[in-house]
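This report describes how two chains meet in a predicted model. The sequence and structure are shown first.

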Amino acid sequence: MSELLADDPEWADVVPIRQYENVNPIAPIFYSEEYKDATDYFRGVLKTGEMSPRVLQLTERIIRMNPAHYTAWQHRYKTVISLKIPLEEELELMNEIATTFLKTYQVWHHRRLLLTALTSIDAAARELEFLKTVLRADAKNYHTWSFRQWILAHFNDEERLWAGERAYIEDLLEQDVRNNSAWHHRFFVVFSSGIRLGDEDRDQMLRRELSFVKEKIALAPNNPSAWNYLRGALEHTNTPFSTLTTFVELYTTSQPPSRGRDEDVVDLDNPPPSAGAQLPAVAALEFLADIYEKEGGDASAKAVEIWKSLANEKDVIRKKYWEYRIRDALSKA
Amino acid sequence: MLNHPTPTDGYETYTSRLQKETEELIKKHRPPHDTAQIELQKKLHFEFLLRNLRQGFPERYTSQDASQPWLIYWTLHGFSILGVGLDDQTKKRTIDTLLAMQHPEGGFAGGPGQTAHLLPTYAAVCSFAVVGRPGDGGGWDAIDRKKMYDFFMSLKRRDGSFLVSHHGEVDVRGIYCLLAVATLLNLLTPELLAGVPEFLATCQTYEGGFCNASFPGWAFEADDPETESGSPKTYDLSAPRPPLGEAHGGYTFCAAASWVLLQPYIKLYYSSAGGSLPPVPSINTRALLRWCVQMQGLPIELGGFKGRTNKLVDGCYSWWVGGCVVLAETLLGVTATHEAVPHEHHEESDEDGQKSWDDADDSLFNRKALQEYILCAGQHPAGGLRDKPPKPADAYHTLYCTAGLSAAQHRVIPSEAREKAVISAWHSSQAHAKAESRHPGTAYAPSSDADREMLDELRKGIFAHAMSWSEEDGTAVYVGGAANRVNATHPLFNLTVTHSDGMLSYFYGQTPPSRYANKPATK
């Protein structure tokens with residue numbers, strides 16, 4: 001592909017258009033000859049509106065040099081539709097490009113357009129599998145996650161699509177409990193997107209989620225992703241934070257509770273911090289202060305105490321914020 | 001401050017290992033004890049920007065070929081932040097270059113011959129704010145506002161969102177870009193804004209920050225306005241519109257700035273008192289503030305900002321998240337309060353010798369620490385700024401690190417006094433004429449006198465609010481001393497106030513009172 005279109009007789013009928021005609025541009029980019037050549041011919045093609053197999057090749061050539069060229073993607077999509085190219089074929093061809101340029105918006109948007117046009121649950125299910133391989137290489141890739149969520153919502157098939165998601169998330173959190181993308185995905189699947197098959201009993205679902213997240217907090221108590229999930233789950237279901245006081249207090253003391261004779265008697269609702277836990281956990285202190293603030297009255301003073309210790313000792317980078325929390329609480333008292 | 005590593009609880013994972021490696025790298029750039037020695041290498045950064053502008057960008061910037069207005073904006077506004085003016089020849093060349101990217105059907109494209117897109121449209125219009133002026137060759141009158149409005153409307157979807165381009169994706173960055181441009185160019189109408197607040201509200205995640213888009217499909221059947229049959233349907237507004245993607249710094253800034261820009265519209269076109277107007281849409285502002293401040297890294301990370309929970313600090317989030325804190329404060333109303341703070345606490349709180357909460361008018365993030373991150377870790381020794389060491393500098397990070405430095409040095413907030421002064425000088429007929437006659441901005445026609453009055457109120461509210469942002473006297477903080485001072489930048493547009501004032505005044509046909517007229521003379 002290093003040959004220039006300018007030297008290719010197949011392109012002799014197209015008039016290339018230079019980027020800047022009568023302008024001496026400020027801040028120009030020093031393109032390679034190949035890129036300049038391809039985009040000159042692309043501008044020529046856009047002008048005539050040509051949609052042909054050679055235009056497909058040309059857009060691929062440009063995309064491989066600059067996957068963020070949204071106009072090339074847009075024209076490619078129109079050409080694919082116009083030539084009635086089998087959409088699975090196009091999707092297949094794009095797999096390698098997606099894996100190579102996975103941080104580019106357009107790569108994923110193109111797939112979304114293709115899947116929308118395909119209207120096939122089979123294709124959607126295959127796509128979820130393909131995305132697993134991509135996420136194996138980059139487990140927090142934003143566009144990939146956002147796209148996965150779109151597929152689930154758009155095709156919205158409980159048995160073929162939604163059903164496998166929780167197990168997948170649990171695998172990912174098993175590998176890295178700090179993967180915030182996986183936590184967000186869980187929230188998306190469990191709380192934000194309607195009611196999953198088997199989750200009709202909302203109380204039972206919430207109990208399961210709380211027990212899940214508490215286990216993960218016990219494993220690594222200074223993991224903000226898990227704490228944010230816990231807060232989100234409670235807020236989403238209008239469950240008072242104070243229902244978790246016993247649990248949270250295990251994480252606000254300096255030492256993990258001693259594991260003496262009672263080791264066999266495990267309180268499943270209140271899993272204790274792991275042996276390596278570094279306590280108190282700042283997120284637990286914040287949580288407890290929120291409980292006290294909500295309780296009001298005499299408890300407000302306890303909230304203020306915690307915020308002071310965060311501001312002056314345990315989370316000094318956020319001093320101003322914790323002081324604001326004190327002012328805010330006192331102004332409402 | 002203490003330099004404890006992020007606690008790993010004796011349980012290592014990929015995230016904690018990466019975090020640890022990063023802390024090891026960054027802590028080598030810890031500021032010296034005498035912070036007066038920390039220097040912003042203005043000359044080197046100036047030379048970096050000048051090289052890009054004059055000589056151009058090396059081949060690896062081919063990836064930005066569809067973002068050419070951004071390369072120009074990052075460079076020009078970088079000069080403005082550093083306090084560098086441009087000569088007339090450079091301005092003219094810039095205007096010619098930008099106009100080559102205006103699309104015949106409205107809006108600006110990523111480069112000549114490309115298709116129009118909301119993101120480069122913002123970058124181009126902001127660049128015009130820096131280099132342009134009214135009149136022949138000044139660029140401002142060459143912006144086709146009528147076609148731009150039509151372009152905006154052609155991207156609008158029924159869930160209140162906008163595509164970033166035809167056949168493109170929905171993304172709150174695009175919505176921010178559209179709102180910023182429509183505000184600057186006096187293009188806002190109730191027709192354009194319908195449903196936008198509701199859409200933005202659906203993009204807030206359980207963490208408090210915002211994601212890139214929400215899923216509309218269950219409430220709004222047709223996904224693409226370009227394929228709609230046009231027959232009106234009823235929609236199930238109670239259906240879930242789940243956020244796609246997790247809370248993220250870039251999207252959070254865009255959503256929060258959009259939300260602030262929309263306030264005059266929300267005030268006029270919604271009502272909490274029932275009646276014919278829709279109920280006031282809401283976001284969780286406290287959660288937004290919490291999320292923003294939680295993104296500030298620990299002292300061992302020099303207080304730089306992260307873009308997502310459990311990700312790494314990166315200089316560009318100095319602006320996207322650091323710069324978002326003041327927006328959250330504004331929405332919470334904490335910037336407006338200056339009343340005395342309770343003093344009942346002093347017996348025990350001053351034990352560390354610090355005055356704990358006397359400066360209630362200060363920002364709610366750590367302004368000093370952020371400056372230290374940018375100055376000590378963000379500057380590349382050869383000029384330009386970066387994500388973090390040992391990465392190279394680039395045009396994008398150079399702007400968003402310097403803009404973040406500016407946001408940490410200066411506290412620019414809405415001033416009620418300024419807003420009142422602007423409103424008292426408001427000329428409704430001129431704003432109307434500017435919006436609709438000489439350079440027709442919109443095809444929108446109010447259907448009644450009452451609608452016309454509302455629209456007039458909307459224009460006035462938007463203009464006065466945008467013009468009201470001012471730096472509070474005596475609140476600037478310069479790590480390394482005043483020699484490190486950079487110019488203040490408008491928290492909503494990321495332009496200097498001089499540039500946003502100039503463009504706003506022209507496109508609303510107003511002559512606002514001078515910002516400096518009412519200040520007492522200082523000797």
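Lys320(A) and Asp362(B) are joined by a salt bridge, with 3.2 Å between the closest N and O atoms. The count of salt bridges between chain A and chain B is 4. Helix 15 of chain A (residues 319–332) gives the largest share of the side of chain A that touches chain B, namely 12 residues. By residue class, that side of chain A consists of 38 nonpolar, 31 polar and 21 charged residues.

The interface between the two chains can also be described by its totals. The size of an interface is often expressed as the accessible area lost when the parts come together.

| Quantity for chain A and chain B | Value |
|---|---|
| Buried area between chain A and chain B | about 7,900 Å² |
| Share of the buried area on carbon and sulfur atoms | 54% |
| Residues of chain A in contact with chain B | 90 residues |
| Residues of chain B in contact with chain A | 100 residues |

Three residues, Ile26(A), Tyr142(A) and Ile317(A), supply 11% of the area that chain A buries against chain B, more than any other three residues. Polar contacts between chain A and chain B comprise 54 residue pairs, with both residues at pLDDT 80 or more.

Turning to the domains, the assignment for chain A gives domain 1 as residues 1–85 and domain 2 as residues 216–259 + 266–333. A distance of 57 Å separates the C-alpha centres of domain 1 and domain 2 of chain A.

Conventions
Residues are numbered from 1 along each chain as its sequence is written. Chains are lettered from A and ligands numbered from 1 in the order in which they are written. This is a predicted model: local features need pLDDT of at least 70, side-chain atom pairs count only at pLDDT 80 or more; totals for chains, interfaces and linings use all residues. Side-chain values use heavy atoms; hydrogens and water are left out. Domain bounds come from an automatic or database domain assignment. Contact means heavy atoms within 4.5 Å. Buried area is the accessible area (1.4 Å probe) that two parts lose on being put together, summed over both. A salt bridge is a side-chain nitrogen of Lys or Arg within 4 Å of a carboxyl oxygen of Asp or Glu. A polar contact is a pair of N or O atoms within 3.5 Å; within protein, one must be able to donate a hydrogen and the other to accept it, and residues adjacent in sequence count only if both atoms are side-chain atoms. Helices (H or I, at least four residues) and strands (E, at least two) are DSSP runs, numbered from the N terminus. Ala, Val, Leu, Ile, Met, Phe, Trp, Tyr, Cys and Pro count as nonpolar, Asp, Glu, Lys and Arg as charged, and the others, Gly among them, as polar.
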